[in-house]
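Trainee: Could you walk me through reading a protein model? I'd like to learn it one feature at a time.

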Amino acid sequence: AERDYLSVDTKTCTTQYSSRATVGMMLTGTTIDNMVVGGPADTCKELKKGDVIITVDGNEVDEDNVVTFLRGSDIPGSFVQIEVAANGNMNKMKKLTLKRMATEAIADRRA
């Protein structure tokens, strides 16, 4: 029997995010790979692509736990303190406080 690969089952999709709050960073491991324009990481103007997150709220982070710590309480409007090594240089550390925003609000900016 031939199968038509262009046919797909359709269903109504509701947008479900795994988190309610975000700082608007895309990471590779603990390195900032990109930032959502208008998101907290972007609007602070202190972070750059290539910066490496060292601590979140005083906790040393690695690729396995960085997202969990960034999400934190997962409450939009809550604050998160991060320490980054500028472009991975441990001699150029920056401490910043970011205000989490609603994931839906940041998703609207991507559209």
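**Strands, core and a helix**

Mentor: Let's start with a pair of strands: methionine 26 stands opposite asparagine 34 in strand 3. Keep in mind that this is a predicted model.

Trainee: How many bridges join strand 2 to strand 3, and do they run parallel or antiparallel?

Mentor: Strand 2 (residues 25-28) and strand 3 run antiparallel, with four bridges joining them. They make a hairpin with two residues between the strands, and glycine 29 in that turn has a positive phi of about 65°.

Trainee: Okay, now the core. Which residues touch the most other members of the largest nonpolar core?

Mentor: First, the general idea: in soluble globular proteins, nonpolar side chains tend to be buried together. Here, the largest nonpolar core has 16 residues, and the ones touching the most other members are Met25, Leu47, Ile53, Val56, Leu70, Ile82 and Leu98. Strand 3 (31-35), strand 4 (52-56), helix 2 (66-71), strand 6 (79-85) and strand 7 (93-99) each supply at least two residues. Strand 6 gives the most, with three.

Trainee: What does leucine 70 touch?

Mentor: Not counting residues up to four places away in sequence, leucine 70 touches Val23, Met25, Leu27, Ile53, Val56, Val80, Ile82 and Arg100.

Terms used. Residues are numbered from 1 along each chain as its sequence is written. This is a predicted model: local features need pLDDT of at least 70, side-chain atom pairs count only at pLDDT 80 or more; totals for chains, interfaces and linings use all residues. Side-chain values use heavy atoms; hydrogens and water are left out. A nonpolar core is a set of buried Ala, Val, Leu, Ile, Met, Phe, Trp, Tyr and Cys residues joined through side-chain atoms within 4.5 Å. Buried means under 20% relative accessible area, exposed over 50%, partly exposed in between (1.4 Å probe, protein chains only). Contact means heavy atoms within 4.5 Å. Two strands pair if DSSP finds at least two bridges between them.
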